[in-house]
Amino acid sequence: MSTLTGAIKAKSQPRIEPGFAVAAITIAALLILFILAPVMAVLLRSFGVGTGELTFQYYIQFFQNASYFRAFINSVSAGLISTSVIVMISIPFALYVTRSGSALSKVYRGIGLLPLVAPPFIFSLALIILFGRRGIITDWINTFTGWEISIYGFWGVVIAQILGYFPIAYMMIESSLRSINPSVENASQDLGASQGKTIRSVTLPLAGTAILKASLIVFVMALADFSNPLIIGGGESFLASDAFLLVTGRQNLEMAAVLGVFLIIPSLLVFLFQTYLLKDHETASNNTASALTNPLNKKVKGFVFTISTLMTLFITLMFVMVVLGAFVQIIGINNTFTLSHFSDQSGWNFLWNSVVVSFFAALIAAGLGILQGYLTARKNIHAKKFLEFTALFGLAVPGTVMGIGYVLIFNGPPFFLTGTVLLLVLNMAFRKIGVGLEAGISNLQQIDKSVEEASSDLGAGPYRTFFKVVVPLLMPAFMAGFVYTFMTAMVSVSSVIFLISPGNNLAAAYILNLADQAAIGRASAMSFILIVIVLGCMGLLKFIEKRSNLSV
């Protein structure tokens, strides 16, 4: 009986072809080497592994040293405050966009997403132009009131985080609100509830999962914020920026690893929570009806319109300041038009480096991602869930942690890759490989297996079927993963800044350095060029999504 059962099981789970088995093993080895190993290296180094002794000394030092503990408190506090404010703004913003059919709401939606195309520190740069020591508004306030204000410090970081991470929460909440069946809200109002009460008692609870997801993601991103504290922190301690300074300034990899552990823990918890507890728990009721069938009344619309308008104006002002800073001599002091800020030859060289590195990183991430997606969805490979988890975990690991991990692993035997273009490419590629994986699996779910079976029935082998049938059908997923990875790699800074060398610098890291040195004009010019490039990539990504019905 057991022999028969085993035979049936073996028949129901066909063996994987040797070529695909080799591909699966190769991907597994690469995921372990470039995602799991760096994280484990940080964890082990925080306990002294690699220094000759196993110790808790560095953790004791963390809690005893007021500066390190203050960095932890500042990071958590900034994350909590910015997350709370972002969610409170995102809900009315999303309500206005989804419940208003006006052309203005579409404009607001586009402006609300603009921060996605900018480097993560663009708002710190804009805030310095406006509220820095010689800022436009700072000088005006000082002239007319005699007050001296400064944007540098904890609250400057919080404001920059609110502006930078707002679209992440807004997109998730908006998507959930669009999926709510208007008849549910109409039923509440038919029973006598006001629209305000309906939103509080019906709409928001239905969108509760999306709001929770958005809150968790924004909090982790704010906690791991690296560039804003460096530029506008005013010397205040934050986990990610202090870890960078420990590595580059003091060569203290052990304490940097301890700070990295305190960044990994919340990221891992949020990732596990979303992957296993919230993945299939959606409370919004999917429908084909438009949310516009339940428009907002004047009182509610006035409230959400006011908040949306203020946020839209503030975001617009930030981008206008950066653009103006790129085309005038010294914004606010000498507003003469100039193109001299664009003549920075080093900046153009680093921009070209970014294009090359991002291109090859996108090629690897998208190619390996859809290959892993195919192996996961169509082949009986071992540990497919573990490999999928690892690839997606790469998206959740803070860049600072990954950068420190790469320094620990690839700055000594058997690998000497630190400072090379190859390591920059691999770092960016494997941090984003999960996007190609998800796009590939999503695309394969739309492709009937009978297409591949028909190819086999006509005499094509598994490899010919894969290259001649499956790969062409997966091209939309490949392009979506490629464009997304290229777009995000162009503005990435938190991990690659640990890995660059004087000859292999990148545009985003160079802009960060310019902003830190108060070279506002050149920083604005390079930021403007990056924004144009990434904006073009986002447009291409939206075009691919519409043509292929993919959502990335």
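**Notes on the predicted model**

1. Charges to start with: the protein carries 32 positive and 22 negative side chains, with the centres of the two sets 5 Å apart. Lys and Arg count as positive, Asp and Glu as negative, while His and the chain ends are not counted. Each charge is placed at NZ of Lys, CZ of Arg, CG of Asp or CD of Glu.

2. A word on the source: this is a predicted model, where local features need pLDDT of at least 70 and side-chain atom pairs count only at pLDDT 80 or more, while totals for chains, interfaces and linings use all residues. Residues are numbered from 1 along each chain as its sequence is written, and side-chain values use heavy atoms, leaving out hydrogens and water.

3. Now the build: the protein has 25 helices and four strands (DSSP runs, H or I of at least four residues for helices and E of at least two for strands, numbered from the N terminus). Its C-alpha atoms fill a box of roughly 90 × 70 × 50 Å along the principal axes.

4. Of the 552 residues, 54% are buried (under 20% relative accessible area, 1.4 Å probe, protein chains only).

5. Helix H10 (residues 195–206) is worth a look: Gln195, Gly196, Thr198, Ile199, Val202, Thr203 and Leu206 are buried there. Down the axis of H10, these residues fall within an arc of 160°, so they line one face of the helix (the arc is that of the directions from the helix axis to the C-beta atoms).

6. What do the buried residues of H10 pack against? Their partners are helices H4 (66–99), H8 (154–178), H9 (182–190), H11 (208–223) and H15 (298–327), with contact meaning heavy atoms within 4.5 Å.

Notes: Buried means under 20% relative accessible area, exposed over 50%, partly exposed in between (1.4 Å probe, protein chains only).
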